[in-house]
Amino acid sequence: RNKSGHAAWQGPKRGIIPRAIEHIFQHLGNIHSEYTVRVSQLELYNEELFDLLSPLPPGCGDEPSLRIFDEVGLSGQRTTRVSNLEEVVVKSAADIFKILETSTDRRRVAETKMNKYSSRSHCI
């Protein structure tokens, strides 16, 4: 949330992630093909990966370990994947924003001298 209490994906000062999500669904709305959109969210904290959509409580010790690896798809293109990462099928940008509302609460944050809600991690 920003200083005014609004979610970071709302309003004219929303960031690149919400703008990209909106752009993707605008584009998909203009094509006449079948498609599926899946969303996942991971956190990189102290050089470890954490699944922010996992149904397990953070730090419970039962979470499957996440591993980043490269693979070559059917078309021959290389892609980067994360094993054991929860994926949720969504139908709209609003679906993703609801997921972000919940998963953002699972991120690690700590107050610094410069920022009261400084994230101690990077989310992808």
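Glutamine 41 is found in the loop between strand S1 (37-39) and S2. Its side chain makes a polar contact with the side chain of serine 103, at 2.2 Å. This is a predicted model: local features need pLDDT of at least 70, side-chain atom pairs count only at pLDDT 80 or more, and totals for chains, interfaces and linings use all residues. Residues are numbered from 1 along each chain as its sequence is written, and side-chain values use heavy atoms, with hydrogens and water left out.

**Terms**

- Helices (H or I, at least four residues) and strands (E, at least two) are DSSP runs, numbered from the N terminus.
- A polar contact is a pair of N or O atoms within 3.5 Å; within protein, one must be able to donate a hydrogen and the other to accept it, and residues adjacent in sequence count only if both atoms are side-chain atoms.

- Glutamine 41 has a relative accessible area of 9%, so it is buried (under 20% relative accessible area; exposed is over 50%, partly exposed in between; 1.4 Å probe, protein chains only).
- Serine 103 counts as buried because its relative accessibility is 1%.
- Serine 103 is found in helix H2, residues 93-104.
- Serine 103 is in contact (heavy atoms within 4.5 Å) with Gln41, Leu52 and Leu53, leaving aside its neighbours within four places in sequence.

- Strand S2 (residues 42-45) and strand S3 (residues 48-51) run antiparallel, joined by four bridges; two strands pair if DSSP finds at least two bridges between them.
- Leucine 42 stands opposite aspartate 51 in S3.
- The hairpin has two residues between the strands, and asparagine 46 takes a positive phi near 50° there.

**The whole chain**

- The protein chain has two helices and seven strands.
- Along the sequence, the pattern is α-β-β-β-β-β-β-α-β.
- Of its 124 residues, 23% count as buried.
- Among contacts in the protein chain with a separation of 6 or more, 49% come from residues 24 or more positions apart.
- The accessible surface of the protein chain comes to about 9,500 Å², and 51% of it belongs to carbon and sulfur atoms. Accessible areas come from the Shrake-Rupley method with a 1.4 Å probe; for residues, only the protein chains shown count as cover.
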